[in-house]
Amino acid sequence: MKQTRRKELKTNELSIYLQQIQEAVGRHSNLIIGGVVVVVLILVAGLLVQRNRHAARQAAWESYHGIQNRMATITPELIDEARQLAEDTLNQADLGPLAMELHADLNYSLAITLQGEPERTKQLLQNAKSIYEQTLARFGSLPGVAARVRMSLVAVEESLLVAGEGDVERIRKLYQQVIDDPTSGFSADASGQLESLDRRLIPLEILATRPAEETSAATAPAASLQPVLIETPTSPPVAVPDAKPAAKPEAAPVTAPAEPSPG
């Protein structure tokens, strides 16, 4: 009897509890339905945002490869397109540094192909230098980025040196920074470039120190080692030794910027 009574009491308590729940649901049904709707809307919105973000990233990668495929003919419009891509992907750790490097590469590549436009060439080289430096500052802590960007930056520095605006000590420092990072994959290349740097600078030093008269007369054939009289309209004859002219120095080779991986 006692067990039966206890079962009845438990059954009654359960019935009362279920009835209370039903009444509570009835009183707050509108709130509950509204909450469910809100949760569903949040989930749908999250899925849409994620889908749009994925589509935007996919479009950015397609734009990146499209610009790469058109680098055979570099135009100001192509450079501007690369600049916009770099701005749009500034917060992306994978494509961000590659897009900035591509923007700098285009400036550099156009600069070294220009003929007879020294001021524009210098401006493009300075643009490339600035973009590479910004890439280092923003993404230099990522694995592999620092060494790759420094190898591209040092190529720009050497080109600026040819144009009369470079810094030899900065070039050496950049090479040494790459050498000090043996895991970068560029250590051996940087070491070889640094070892040959002084030899590559010799033609630049000759051009910088040779007098204008000697440079202009370098194409005249040598006759003998006897003094030659050079007549001028305002001064008496001056005797100068006639020597075999030095060979015309060749421009120092410039290291091409490192090829960015497609990521």
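Which residues is A104 in contact with, leaving aside its neighbours within four places in sequence? The legends below take that one up along with a few other spots in this predicted model.

**Figure 1. The whole chain, before zooming in.** Here's the overall layout: 10 helices and 2 strands. Going along the sequence, the pattern reads α-α-α-α-α-α-α-α-α-α-β-β. Of the 263 residues in the chain, 30% are buried. Take the contacts between residues at least 6 apart in sequence, and 61% of them join residues at least 24 apart.

Figure 2. Helix 4 covers residues 95–111, which is 17 residues. From first C-alpha to last, helix 4 reaches 24 Å, close to the 24 Å expected at 1.5 Å a residue. Helix 4 is also mostly covered, with 17 of its 17 residues buried. A104 sits in this helix, and its relative accessible area is 0%, so A104 counts as buried, the cut-off being under 20%. As for the opening question, A104 is in contact with A128, I131 and Y132 once neighbours within four places in sequence are left aside.

**Figure 3. T121 in helix 5.** T121 belongs to helix 5. Buried or exposed, then, for T121? With a relative accessible area of 17%, T121 is buried, since anything under 20% gets that label. Not counting residues up to four places away in sequence, T121 touches A111 and L114.

**Figure 4. Q126, also in helix 5.** Q126 is placed in helix 5. Its relative accessible area is 29%, so Q126 goes down as partly exposed; that class lies between the 20% and 50% cut-offs. Setting aside residues up to four places away in sequence, Q126 touches L160 and E165. The C-alpha atoms of Q126 and N107 are 8.8 Å apart, and the two residues are 19 apart along the chain.

**Figure 5. Helix 5 against helix 6.** Helix 5 (residues 118–139) packs with helix 6 (residues 145–162) at an angle of about 160°, and their axes are 9 Å apart. The two helices are therefore roughly antiparallel to each other, as angles over 145 degrees count that way. On the helix 5 side, the contact residues include K122, L125, Q126, K129, Y132 and F139. On the helix 6 side, they include V145, V149, R150, L153, V156 and L160. Sort the contact residues by class and you get 11 nonpolar, 4 polar and 5 charged. As for handedness, helix 5 passes helix 6 in a left-handed crossing.

**Figure 6. Helix 7 against helix 8.** Now for the pair made by helix 7 (residues 168–179) and helix 8 (residues 187–195), which pack at about 150° with axes 8 Å apart. That angle makes helix 7 roughly antiparallel to helix 8. The crossing of this pair is left-handed. Which residues do the meeting? Helix 7 brings R172, Y175, Q176, V178 and I179, and helix 8 brings S187, A190, S191, Q193 and L194. By class, this contact has 5 nonpolar, 4 polar and 1 charged residues.

Methods: Residues numbered from 1 in each chain as written. Predicted model: local features only at pLDDT ≥ 70, side-chain atom pairs only at ≥ 80, totals over all residues. Heavy atoms only, no water. Helix = DSSP H or I, 4+ residues; strand = E, 2+ residues; numbered from the N terminus. Expected span 1.5 Å × (residues − 1). Buried < 20%, exposed > 50% of the residue type's maximum accessible area, 1.4 Å probe, protein only. Axes fitted to C-alpha atoms, helices over the stretch in contact; angles between N-to-C directions. Parallel < 35°, antiparallel > 145°, perpendicular 65-115°, else oblique. Left-handed = near helix turned anticlockwise from the far one by under 90°. Contact = heavy atoms within 4.5 Å. Nonpolar A, V, L, I, M, F, W, Y, C, P; charged D, E, K, R; others polar.
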